[in-house]
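Colleague: Could you walk me through this one before I set anything up with it? I'd like to go by topic and ask as we go.

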Number of protein chains: 2
Amino acid sequence: MNIVLDTLGGDNPAAEIVRGGLLAADAYGVGVTFAGDEQLIKPLLPDNPKLSILHAPEVISMEDAPAEAVRRKKNSSLVRGIRLVRKGESHAFVSPANTGAVMAASLFGLGRIKGIERPGIAAVLPTTTGKRVLVIDVGANTDCTAENLFQFAMMGRVYARGVMEVAQPRLALVNIGSESHKGNELVKKTRAYLESFPGFVGNVEPNHLFGGEVDVAVCDGFVGNILFKAAEGGVAITTSALRSALTSQSLYKLRALPLRSGLRRFREEMNLARFGGAPLLGVRGITIVAHGHSDAQTIKNAIRVAKDAVDCNLVHRIESRVHEDVKSTTTLA
Amino acid sequence: MNIVLDTLGGDNPAAEIVRGGLLAADAYGVGVTFAGDEQLIKPLLPDNPKLSILHAPEVISMEDAPAEAVRRKKNSSLVRGIRLVRKGESHAFVSPANTGAVMAASLFGLGRIKGIERPGIAAVLPTTTGKRVLVIDVGANTDCTAENLFQFAMMGRVYARGVMEVAQPRLALVNIGSESHKGNELVKKTRAYLESFPGFVGNVEPNHLFGGEVDVAVCDGFVGNILFKAAEGGVAITTSALRSALTSQSLYKLRALPLRSGLRRFREEMNLARFGGAPLLGVRGITIVAHGHSDAQTIKNAIRVAKDAVDCNLVHRIESRVHEDVKSTTTLA
């Protein structure tokens with residue numbers, strides 16, 4: 001298996017991203033093609049036939065308008081990396097670049113799965129039970145229709161079964177109350193679509209999402225992104241309150257050290273959960289979005305997510321499932 | 001000063017709510033009128049001329065359709081309590097009942113402030129700096145226009161100045177990125193309205209909300225409610241992870257006890273922040289929404305919020321400010 005890693009476009013220098021790719025190659029036995037500036041990458045690679053370079057030095061930055069940049073910067077690591085996947089020379093693409101640009105390059109380069117109007121970014125949250133919950137969409141689409149959300153539900157279910165290995169995923173609609181009449185117009189309309197969806201358990205409020213009661217939670221990308229960032233804020237303020245409690249009481253200062261490292265690990269996990277590698281579901285290929293702040297560990301994790309998606313033949317699974325489900329949406333609509 | 005307390009409609013029995021009212025009367029020196037079932041309330045009240053009963057035993061439950069229940073149940077604590085405020089016999093109304101019903105009763109009973117299309121519920125979040133940030137709307141309106149959000153901004157600013165005593169509130173729009181082109185259609189349109197708003201600092205992502213960088217954050221009620229509940233989830237999963245770390249390492253079990261109580265207090269504060277008392281801004285009177293789960297302490301806190309709003313003459317302040325600001329919105333629209 002070969003995975004293309006975009007070494008440009010994130011907040012960290014290429015060397016940090018390359019290091020993540022090397023860690024992953026070592027840990028998971030995958031081949032890695034490093035897309036970016038050959039001059040920067042070459043000195044960092046050991047002599048190993050499974051590691052290669054795709055020279056594509058143009059950078060698409062966070063400030064670039066996504067669609068335009070993708071059309072214009074033909075020699076960017078993003079555009080050329082995706083092309084490798086389309087040609088079948090690589091199995092998946094992992095990038096810490098501008099999310100909008102990764103999405104645009106994937107849409108243009110790989111195309112949509114037939115029957116899917118909009119791809120969605122899926123990401124996992126930790127829960128108190130140790131299980132994880134998949135939230136889709138967490139930022140690809142800021143304005144959605146009920147049909148979009150229904151399709152996110154279908155794709156999320158396929159991912160939960162195929163990659164997360166949950167046999168019968170419980171699926172819920174992210175909402176501000178558990179009662180069926182609650183919510184905004186979009187949610188109310190979507191609920192009608194989902195009533196007969198396999199495993200649909202109704203609404204889930206974000207505070208209950210962390211209790212492990214559901215496996216897949218569906219929302220529009222604006223709400224999903226707000227949800228993740230607010231949860232992250234809740235984690236941060238709690239760890240911060242605790243840290244000051246620990247440092248203010250000298251009695252506990254030293255004794256609490258292991259707790260502090262535990263907390264730091266947990267906080268990192270929340271970040272990993274958020275952006276360690278979020279698959280873009282609905283395009284005809286595997287694209288994994290990594291956070292712009294990704295360090296080597298995060299990149300390593302994102303490559304594992306890519307490998308799992310390839311291993312379970314994710315795109316084919318979505319294609320075959322969607323074919324059936326889209327027919328039923330059309331009947332409802 | 002007299003405040004009407006709705007003793008019916010929350011999840012807790014009337015006795016718990018009454019206890020909260022007595023605590024507040026004692027702590028803040030306000031008169032309290034207990035609206036509800038006289039038979040239940042009377043035995044709980046000490047002989048004190050500042051405490052009175054409004055016999056209004058009909059209950060509006062969480063299941064009732066708000067507007068219809070308010071029209072039909074004329075003898076409910078909610079409808080009759082609000083009437084007392086409208087007649088000027090009481091200064092504010094505090095209720096742990098169905099939020100939709102409190103909103104409907106306030107709208108019907110008190111009317112809207114001229115120039116305000118939709119009232120919004122404002123609530124405070126703690127930050128790592130110890131300051132608080134006001135978020136409006138956290139659940140009154142699930143579908144909003146840019147005009148609604150602009151009006152929330154105006155009212156939030158008045159509240160921050162008058163009640164929170166922030167001389168020059170920094171105001172931001174809740175969004176999924178800091179860049180001005182980010183967001184859904186509603187947010188982008190609202191941003192254009194807010195560009196020249198006094199103290200406007202741009203977008204705020206929910207994870208940055210807890211850093212104390214802004215004083216007032218504006219969003220639609222669906223997003224605001226999601227934001228609060230997700231933050232609460234982040235707090236809950238962090239405290240839960242910590243609790244298990246503390247109990248699994250026997251070495252730290254006893255020594256960590258003060259930490260555990262610190263965490264519990266913090267978690268309670270997050271709940272208090274959420275619903276200890278959230279003013280419904282935009283109606284012609286003071287209505288404070290308390291969470292359905294409110295216990296005596298939460299009710300006491302909600303009554304303090306009501307008192308602060310009365311003390312600063314909040315309704316009059318909003319009326320005079322809105323008059324000017326609405327004119328500028330109209331020009332923009």
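Modeller: What follows goes from the overall model to the backbone details and then to one strand.

Colleague: Fine, so what are the scores like?

Modeller: This is a predicted model, and it scores ipTM 0.90 and pTM 0.91. For chain A the mean pLDDT is 89, with 88% of its residues at 70 or more.

Colleague: And how many helices and strands are there in chain A?

Modeller: Chain A has 13 helices and 11 strands. Of its 333 residues, 58% count as buried, and if you take the contacts in chain A with a separation of 6 or more, 72% of them are between residues 24 or more positions apart.

Colleague: Changing topic to the backbone: which peptide bond in chain A is cis?

Modeller: The bond from A:Ile136 to A:Asp137 is cis, with omega near 10 degrees. A:Asp137 sits in the loop between strand E6 (132-136) and helix H6 (146-162) of chain A. In chain B, a cis peptide bond joins B:Ile136 and B:Asp137, with omega about 15 degrees, and B:Asp137 lies in the loop between strand E6 (132-136) and helix H6 (146-162) of that chain.

Colleague: Why mention those at all?

Modeller: Because most peptide bonds are trans, and most residues other than glycine have a negative phi. On the phi side, A:Asn313 has a positive value of about 60 degrees although it is not a glycine, and B:Asn313 likewise has a positive phi of about 60 degrees without being a glycine.

Colleague: Where is A:Asn313 found?

Modeller: A:Asn313 is in the loop between helix H12 (296-311) and helix H13 (314-332) of chain A. In chain B, B:Asn313 is in the loop between helix H12 (296-311) and helix H13 (314-332).

Colleague: Now strand E5 of chain B: how many of its residues are buried?

Modeller: In strand E5 (residues 120-126) of chain B, 7 of the 7 residues are buried, so the strand is largely enclosed by the rest of the structure. Both of its faces are covered: B:Gly120, B:Ala122, B:Val124 and B:Pro126 are buried on one side, and B:Ile121, B:Ala123 and B:Leu125 are buried on the other.

Colleague: Which strands is E5(B) joined to?

Modeller: E5(B) is joined by 2 bridges to strand E10 (residues 278-281) of chain B, and the two run antiparallel; in this pairing B:Gly120 stands opposite B:Leu281. E5(B) is also joined by 5 bridges to E6(B), again antiparallel, and there B:Leu125 stands opposite B:Val133.

Colleague: What do E5(B) and E6(B) form together?

Modeller: They form a hairpin with 5 residues between the strands, and B:Gly130 in the turn has a positive phi of about 95 degrees.

Conventions. Residues are numbered from 1 along each chain as its sequence is written. Chains are lettered from A and ligands numbered from 1 in the order in which they are written. This is a predicted model: local features need pLDDT of at least 70, side-chain atom pairs count only at pLDDT 80 or more; totals for chains, interfaces and linings use all residues. Helices (H or I, at least four residues) and strands (E, at least two) are DSSP runs, numbered from the N terminus. A residue is buried if 20 or more other C-beta atoms lie within 10 Å of its own, exposed if 12 or fewer, and partly exposed in between; C-beta atoms are placed from the backbone. Two strands pair if DSSP finds at least two bridges between them. Two residues are in contact if their C-beta atoms, placed from the backbone, lie within 7 Å. pLDDT is the predictor's confidence in each residue, from 0 to 100.
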